[in-house]
Each structure stands twice: as C-alpha cells, then as structure tokens.
Amino acid sequence: MTSDAMPSDQNGVWTLRLYVAGENQKSRAAVANLERLCRTHIGEGRYEIEIIDLMKNPQLAKADQILAIPTLVRKIPEPMKRVIGDLSDAERAILALDIQELERGPAL
Amino acid sequence: MQGPEQSSGVDRAALPVLEKAPSGIPGFDEITHGGFPFGRTSLICGAAGAGKTLFGLQFLVRGITDYDEPGVFIAFEETEEDLAQNVASLGFDLKGLVDSGKLALDHIRVERSEIEESGEYNLEGLFLRIGLAIQTVGAKRVVIDTLETLFGGLNDYGILRSELRRLFRWLKDQGVSAIITAERGEGTLTRHGLEEYVSDCVILLDHRVSEQISTRRLRVVKYRGSVHGTNEYPFLIDEDGITVMPITSAGLEHGVSAERISSGVPRLDAMLGGEGYYRGSTILVSGTAGAGKSSLSAHFADAACARGERCVYFAFEESPEQIKRNMRSIGIDLASHEAAGRLKFMASRPTAHGLETHLAIMHKVIREFQPHVVVVDPIGNLISAGNQEEAHLMVVRLIDFLKTQGITAMMTSLTGGGMAQEATEIAISSIVDTWLLVKSIEASGERNRGMYVLKSRGMNHSNQVREFVITSEGVDLVDVYIGPEGVLTGSARAQQEHKERAAKVQREQEIERKQRELERKRRQMEHEIEALRAAFEAEEAEIQRVIEQEQEAEEQLLQNRGVMARRRGVDQ
C-alpha cells in the first residue's frame, strides 16, 4: 500500500513534533520511544524532533489541536498526521506515521 | 431510626444551603430555586437541536453580563466563528465579550481520521487547555459542548472513561460552575452514560414534534441537595434566547383583591352586583359563533385602557387589523389605545406552535408588558395545537399564572352548535371566577342574542337573561320579555314592549280614574263627618246646659234646707 505521502521534498527530512506535559516518567518514555523509532525506521539525520512541554507552554496546545498527551504530530511530510500515545506499540506507530517501503529499502 | 425529638431539634437555618449560580435564563432559576449548583458540574442532555449549546451559552453570557462571572466555552462541535455567528441574532456579542477578556472560546477539533493511537495516553492536553482558558479570563463558569464527541474520536474507552471521571473531579477542584452537554441516547439520558459521572444536577431538554407541531420541553431529572420543580416545563427559543415557563399548577396561594373593575358595559356591571368584575379574577365568556364574545372582550379591553391600564389582547382567530376594524364599527376605538401604548395585540395562528410554546410566548409577553388585564380570544382555539388533556392542563397553568400576577383575564370560548350550552371546550368552567354565557336565541324568523351570568364567585349577581344588543355605540344589554311563549327577543320583544306600553297607558288611566273616585269618596266622607260633628256639638251643648240647670237646682235645695233649720232652732 503506497501512499502519496513521500518525504520527497526538503531533502527527505521528516519534521516531527512531540507534545508532552511535564518532565516525568511518561514524557521520558515517549521521547525515548520516538527516538528509537526514528533511528530504526527513518534513519539517522533524516528527521528532526521538536519536543514541546505543554506544562510550560499550554497556549501551544491550541495550534495543533492537542487533546491527548503525549501526541506526536508529523508536520513533514504532509499531510499532517497525529499519533496519540507513548508510542510503545511500534507497529501501530509505524503504520500511523506511514513509515513504509521507502525506509525499508536501503540499509538496515 | 431518628426519633421525632431529634429531627425537630435540627436547626434548619444553621444547615449549609447549597449555593447556586443563577443561570440568567428566565424561568429556569425559578424552577431550580436559584440556578445551577455553584462550583459543581451539571449535565444538560438532549437530542440534536434540543437547544443544549444555546442553554450553555446563555448561562455563560448572562453570567458575564448579569453576574460578573467570566466564562469559558469549550466547543467540540462548532468553531469559534460559527458559534459567534449563530448566536449573534440573539444579541449575544461573543466577540465583544472575548475582546473584553470576559469570555474564552476554544474550539477543540476531534477528527477520528486524523488520530492514530499507539500506546498509553491521557487527556492532559484537554485539561491544560481548559485550565489555560479558565486562567486567562478568571472564569467562574465553564461550558463544555459536547463532551461526548471524544467517544467518536478515541478508541480506548477505558482510558477515556477514567479521564472523564478525572475531568469532572478536576472541574470541581477548579471551583467553577460547569455545564457539560451530551447527546441523548436510546433509552438512556446520554449516549455514553455521562450521567454516571455527573451526580449533582441533570437537565433534560426535549424537542418533540407531534402532529407537525413542535414543542420544546425541559425537565430537571436530578438535582442533588436542592428542591426543584419536577414537571416538564415548556421553553422557547426566540430572539432573546431561551425562556422557560416556570408555571406550576399548584398556585392557590395568590392574593385576592376586593377591587372591582368595569366590564365596559354599564348594564353588565349592574348585573354583576352593580360594580363589575373583581380585579385579578378570570372571566370566561362562552357562546356560539357570532354571539358577541369578541365584542364583550373589546369592551373590557377598552374600559381597561380608558382607565389608563395596560392590556394584552391575544388573538387566535382574527388579525389585529380585523379586530380593530370590526370594533370600530361598534364604536370601540382600539387603535388609539394601541397607539398610546396601552394596548398590545399578540396574534398568531393556533397551529403556528405547539400549545406549550403558545403559552410560553404568552407568558413572556405578559412578563414584559406587565398588563393589568389580558384578553384571550378565543382560548378554545388553542386545543387545535394540542390534545384536550394537555390543553386543559396548560390553561389551568395559565390561569394560575395570571392570578398570581393579579391580572384580570377575559377568555372567550366557542360552544359548538351541538354541544350543551354550559359545556366549554376545555372544561375550564370550574376554575373561572365569572362565567358569562352568550347564546343565540332563534324565534319568529330572527336570531337574537341573549346573555346571562352563569356564575360569578363572591358577588351578588343577577340571574336574569338579558338581550345582548350590538349597536354602533357598542354593546348594550336590555331586558328580555319572558312570557308564556318563553323569552322574547328582537322584534318580538319590541312588539311585546309596544303592547305593554299600550296596556300601561290604559292601566294608568284606570288608576287615575280610581284615584279620582277615591278622592270623591273621601270628600263625601269628610262632609258627613263634618255634619255629624255639628249635630253632636249642638246636642252636647244642649245636654250641658241641662246638666248645669240640674246642678243649680240641687244647690238651691241644700241652701234652702239650712235656712229652714236655723229658723226652726234646731240644736245639734
């Protein structure tokens, strides 16, 4: 199942934004899960992660329509996608983010 | 088990009273004795289009404008722009309130197709957003519309339910008076059982359509720690937002007045103990079509306005223009009263709304215009907007309401041709104070009107049938002729009156003759008395004279006897 959402532009760099609330075990787990996922399935240097702590900046929740914590927003490639949860279920996260054949092709 | 001593020993005044947050929704605060529970969460449920969003918004807007309590509106269904547009027609300036920092609007979009789940999560984002909004405006009130949208956007109901439970606890901790709206479910109050979480106050809104006529109703399903009305109350949504009609049928505590007011027809006042109706009483005028019910109503309204009072005329049959024109033809100028602002016409087709909506509108108009008298012409037409039983109940409620307001009300009711004259369509005759019956009397090729007072509580009223005559100077009541052939009216009455006039002249002449005869006889008698007295006086004088002579003779005799004795030398 191929999708038109290919990281073809911006030199194929994914822009991901992770919303968390506070520096706690849950936030850290989500960040760790995301980094592992990116490293293994997108590849070093091909992604950028921005972590937003809503405890510190609650006003940022509105722009990306954040409801659940943690929420991962895939800004690039478009279209925008949202995955809620701590990403502990890697299979579903990969599906949800459309990390597909392109990434599986080379290396690893 | 508590003994009676124990329970009576409780000092009621010392018990904490549940604090209320007034909703600012007319009528609602009366039903709930003050509004929503302060600092707690209430649930409003109802089907789509029942008025939930508006209820919530009005609570917020009135909170800001009337009670200086800033508010937060969390919208799951509409965007801020849509909301502001939708309620602008109600005079709610959401944008202005937002700009002045009194209101925070936040649209939360939940789109299933955009959300994927992977692993554990919670709804902290929602909490933070609500928390931020509360902080920004210093909110005392929060409305979340419609929270259940979350069930459509999230898969993990286990997480969702525990988060909702946490949300309700959290709202309570924030000390805000909150309203959550929810869709009505099949056989349950809400589709996802939110009523389980909200235990303080649950309001059900209902929008029923029966026989193509819609009626909105409100019911307080539950209100912990507070007394509340348990009935279904009709409510309106109009250009002023929501108005609930809080009337109950248990209104027998209204004050009564001994003041009397004119019916507008002097002769009718005379029939009603000489003074007219009691102020604050309810008058029913029933009768067949064309019997003159509206004319009596117009007189009543005219008299009230002429006294400088205000009157609302609810017309369910004719248009105001038609009524004014028709009444002008009998010399009643309602238009000038209307122009002077003393008379207000409210005309609508009975089928335009449901019965309760009608009554809610009437309720509202009465509250706004504050009339002294009200005319409902005709009340019976309202039945076509509901069934008989409902109509009866609602009319009773209306009458109770009018009485508590001290408003004198005149209602007309059409009696069908085949019905008993004393039957009214809605069987309200038992609760009215004065009942006038106007009926057509058909005889000798004519149809005339007869009127009588069937009952009038608390006054000595006439039991006579009067002929009801409508002239270019208005309604007048004249005596009818009651003869061996029954009641005569119209030209038969006129003829009879003529006959009676002739007979009267004859009778008068006869009386005059008899009086002359009597006078003559008296004079004769006096003459005779005079003659007798003269004779008696003559006789009396004669007898007196004789008596005097006799006495003189006696004296003489005694004297003579003494002289003789002395002469004879009698010793004693």
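Strand E20 (residues 434-443) and strand E21 (residues 446-456) of chain B are antiparallel partners, joined by ten bridges. Two strands count as paired if DSSP finds at least two bridges between them. Helices (H or I, at least four residues) and strands (E, at least two) are DSSP runs, numbered from the N terminus. Within this pair, Ile441(B) faces Asn448(B) of E21(B).

This is a predicted model: local features need pLDDT of at least 70, side-chain atom pairs count only at pLDDT 80 or more, and totals for chains, interfaces and linings use all residues. Residues are numbered from 1 along each chain as its sequence is written, while chains are lettered from A and ligands numbered from 1 in the order in which they are written.

Now widen the view to the sheet. In chain B, nine strands make an open sheet with mixed pairing, in the order E17-E16-E18-E19-E15-E20-E21-E22-E23. Strand E17 (343-347) and E23 of chain B are the edges; each has a single partner strand, so one side of each lacks a neighbour in the sheet. From one strand to the next, the twist averages 25°. Axes here are lines fitted to C-alpha atoms, for helices over the stretch in contact, and angles run from 0 to 180 degrees between N-to-C directions.

Strand E22 (residues 466-471) of chain B pairs with strand E23 (residues 474-479) of chain B in the antiparallel sense, over six bridges. Two residues lie between E22(B) and E23(B), and the two strands form a hairpin. Ile470(B) has Val475(B) as its bridge partner in E23(B).

Which strands does H10(B) touch as it packs on the sheet? H10(B) touches strand E15 (282-287), E16, E17, strand E18 (373-377), strand E19 (408-414), E20, E22 and E23 of chain B. Its direction makes about 165° with that of E18(B). Contact means that the C-beta atoms of two residues, placed from the backbone, lie within 7 Å. Helix H13 (residues 355-369) of chain B lies across E16, E17 and E18 of chain B. H13(B) runs at about 160° to E16(B).

Next comes helix H11 (residues 320-328) of chain B. Its buried residues are Ile323(B), Lys324(B) and Met327(B). They sit on the same side of H11(B), because they cover an arc of only 95° around the axis. That arc is taken from the directions from the helix axis to the C-beta atoms. An α-helix has 3.6 residues a turn, so residues three or four places apart point the same way. The cover over the buried residues of H11(B) includes helix H10 (293-306), strand E16 (311-315) and helix H12 (334-339) of chain B.

A residue is buried if 20 or more other C-beta atoms lie within 10 Å of its own, exposed if 12 or fewer, and partly exposed in between; the C-beta atoms are placed from the backbone. By that rule, 42% of the 572 residues in chain B are buried. Chain B contains 15 helices and 25 strands. Of its contacts with a separation of 6 or more, 71% are between residues 24 or more positions apart.

Turn to the interface. Here 21 residues of chain B are in contact with 25 residues of chain A. Strand E6 (115-117) and helix H6 (124-137) of chain B each supply at least two residues to the chain B side. H6(B) gives the largest share, seven residues. The chain B side has eight nonpolar, five polar and eight charged residues. Ala, Val, Leu, Ile, Met, Phe, Trp, Tyr, Cys and Pro count as nonpolar, Asp, Glu, Lys and Arg as charged, and the others, Gly among them, as polar. Strand pairing also crosses between the chains: strand E4 (residues 81-84) of chain A runs parallel to E6(B), joined by three bridges. Arg82(A) has Ile115(B) as its bridge partner in E6(B).

In chain A, Arg46(A) lies in the loop between helix H1 (25-41) and strand E2 (47-53). Arg46(A) counts as partly exposed because 15 other C-beta atoms lie within 10 Å. Leaving aside neighbours within four places in sequence, Arg46(A) is in contact with Gly12(A), Val13(A) and Trp14(A).

Finally, confidence. Chain A averages a pLDDT of 80, and 81% of the residues score at least 70. pLDDT is the predictor's confidence in each residue, from 0 to 100. Over residues 101-108 of chain A, pLDDT stays under 50.
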